[in-house]
Amino acid sequence: MQVETRNSVRFLLNDKLVELSDLPATQTLLDFLRIERRLRGTKEGCAEGDCGACTVLVGRLTDGQLTYESVNACIRFVGSLDACHIVTVEALAGTDGTLHPVQKAMVDTHASQCGFCTPGFVMSLYGLWMHNPNPAVRDIEKALQGNLCRCTGYAAIIRAAESVSARGNANNDPLVAERARVIEQLQTLKDGKRVEVGVGKERLILPANVDDFATFMEANPGATIVAGSTDVGLWVTKFMREIGPVVFTSHLDELRLISMDDEGLKLGAGVSYTDAYPVITRIFPDLTELWNRIGGEQVRNMGTIGGNVANGSPIGDTPPALIGLGASLLLRKGQNRRSVLIEKFFIEYGKQDRLPGEFVEAIHIPYLKQGELFAVYKISKRLDEDISSVCGAFKVTLDSHGTVEAAVIAFGGMAGTPKRAAAVEQALIGSPWHDETIEQAMAAFAMDFTPLTDWRASADYRLLTARNLLRRFYLETTGEENIRLNRYTAAVG
């Protein structure tokens, strides 16, 4: 298969066209903005996608529709931005210096003190305002999960967010007024060609389509696949790893498809957490709480479910739930495809069942059957934007007599890989679903797991927590009053 090739990355930066034919494979958007373009309103705080000081908006075309999302510039690579529109804080004020309604609201409500984090907050609230001009407090809190302020305090910032629409109409915003022109420009930039820039370790590739991606990976199995870069970005900014040549996939619409059939839900490997949210939370409402706690808004906009599974992290948010649901991966090498249960994909720490040149093409999640009890619990030091200390998923089927007919229990943070609790499952199966059974099964956790102690949690804490989560699941499925505390209950309680 022959595809046309272009040797430059092209995108819109505010109101200017940028074309780069000399671009390091791991050049971050933050460094490009601050060092190359002197756009220093975008700040560097943590350089790992946690603090939000570097937040910008990225607009991308999908099926002719232009969507703007907040992203962390510190871990987003410039090479991934072909045919996108990047909007920085410098573009908000009018040419006469008139503040944007979001900026005016921040000033009027005294929502800025030292000011370092302010541009990031402004851009996150700008992204929220365009999607939801009159947000509720919980919408604002969710949009700001990925932004940290150390001096002003969040109350004033929330007041600012609530009052933006009193200072302007989102329908009159320049990004809305100029949408048709921007769409036309991006359609021109999105020419369907393979993009190749650089050589050797500095080589970056954006395949023309998924078939081109498969062909390239088969011929170049050592290349690093980068989807959302929420993890790989840290390999570069924190560990200074050389990862080239790099293959970017976030532009491949075929990997962003979502479909359903009689058996279940199919997600392309490039579907982001944000894109999956409406369908995931509708079909699997017990995943809503977990989904709302994956990273911050910027990370959910960038990160992909396929990437979360493929990188093999023992503390990834989605693998325990996907294992609990019996999900499988569609792996592809060249024109050959095979299906692997996600629980079988993880072999040992840092090793997955992925052949050289093979990649995750899609994820299939079977529907829950009538009568199956399911829940997933994430335990972390912070409620928002934190990595799991322990994450457990439980799926239990009871027969008509209340006896456990089947059980699938999976944990992250308890071993070198996400892993099923086989001994616990066996302790449950065939026994009545009551207190005595739960007590016996809790003891079996020690047979399944020998967790590590690290800065997130001690081994004893992890083991005790896993046992208590089983009890919590039992209580929640036997008519006990819901024992969960949500953020709003906690705030007023």
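Student: Threonine 437: buried or exposed?
Tutor: Threonine 437 is buried, at a relative accessible area of 3%. Buried means under 20% relative accessible area, exposed means over 50%, and partly exposed is in between, with a 1.4 Å probe and protein chains only. This is a predicted model, where local features need pLDDT of at least 70 and side-chain atom pairs count only at pLDDT 80 or more, while totals for chains, interfaces and linings use all residues. Residues are numbered from 1 along each chain as its sequence is written, and side-chain values use heavy atoms, with hydrogens and water left out.

Student: Where is threonine 437 found?
Tutor: Threonine 437 is in helix α17, residues 435-443. Helices (H or I, at least four residues) and strands (E, at least two) are DSSP runs, numbered from the N terminus.

Student: What does threonine 437 touch?
Tutor: Leaving out residues up to four places away in sequence, threonine 437 touches Ala427, Leu428, Ser431 and Pro432. Contact means heavy atoms within 4.5 Å.

Student: Let's zoom out. How many helices and strands are in the protein chain?
Tutor: The chain has 20 helices and 21 strands. Its radius of gyration is 23 Å, close to the 23 Å that the globule rule gives for 493 residues, so the chain is as compact as a globular protein of that length. That radius is taken over C-alpha atoms, and the rule is 2.2 Å times the number of residues to the power 0.38.

Student: What share of the residues is buried?
Tutor: Buried residues are 54% of the 493.

Student: Which residues have the most contacts inside the largest nonpolar core?
Tutor: They are Met106, Leu125, Tyr126 and Ile157, in a core of 38 residues. A nonpolar core is a set of buried Ala, Val, Leu, Ile, Met, Phe, Trp, Tyr and Cys residues joined through side-chain atoms within 4.5 Å.

Student: Which elements give two or more residues to this core?
Tutor: They are β4 (55-62), β5 (65-72), α2 (101-108), α3 (118-131), α4 (137-143), α5 (154-163) and α7 (179-189). The largest share, eight residues, comes from α3. Another core lies apart from this one, with 36 residues, including Leu33 and Phe248.

Student: What does isoleucine 157 touch?
Tutor: Beyond residues up to four places away in sequence, isoleucine 157 touches Met106, Ala111, Phe121, Leu125, Leu144 and Cys149.

Student: Back to α7. Which of its residues are buried?
Tutor: Val182, Ile183, Leu186 and Leu189. They sit on the same side of α7, because they cover an arc of only 120 degrees around the axis. The arc is that of the directions from the helix axis to the C-beta atoms.

Student: And which are exposed on the other side of α7?
Tutor: Ala180, Glu184 and Thr188 are exposed there.

Student: What do the buried residues of α7 pack against?
Tutor: They pack against β1 (5-6), β2 (9-13), β3 (16-20), β4, β5 and β6 (85-87).

Student: New topic. Where is glycine 296?
Tutor: Glycine 296 is in the loop between α11 (288-292) and α12 (297-302). Glycine 296 is buried, at 0% relative accessible area. Setting aside neighbours within four places in sequence, glycine 296 contacts Gln145, Gly146 and Glu385.

Student: How far apart are glycine 296 and leucine 144?
Tutor: In sequence, 152 residues; in space, 7.3 Å, C-alpha to C-alpha.

Student: And where is glutamine 145?
Tutor: Glutamine 145 is in the loop between α4 and α5. Glutamine 145 counts as buried, at 5% relative accessibility. A polar atom of its side chain lies 3.0 Å from the backbone oxygen of asparagine 292.

Key: Polar contact = N/O pair within 3.5 Å; in protein donor to acceptor, adjacent residues only side chain to side chain.
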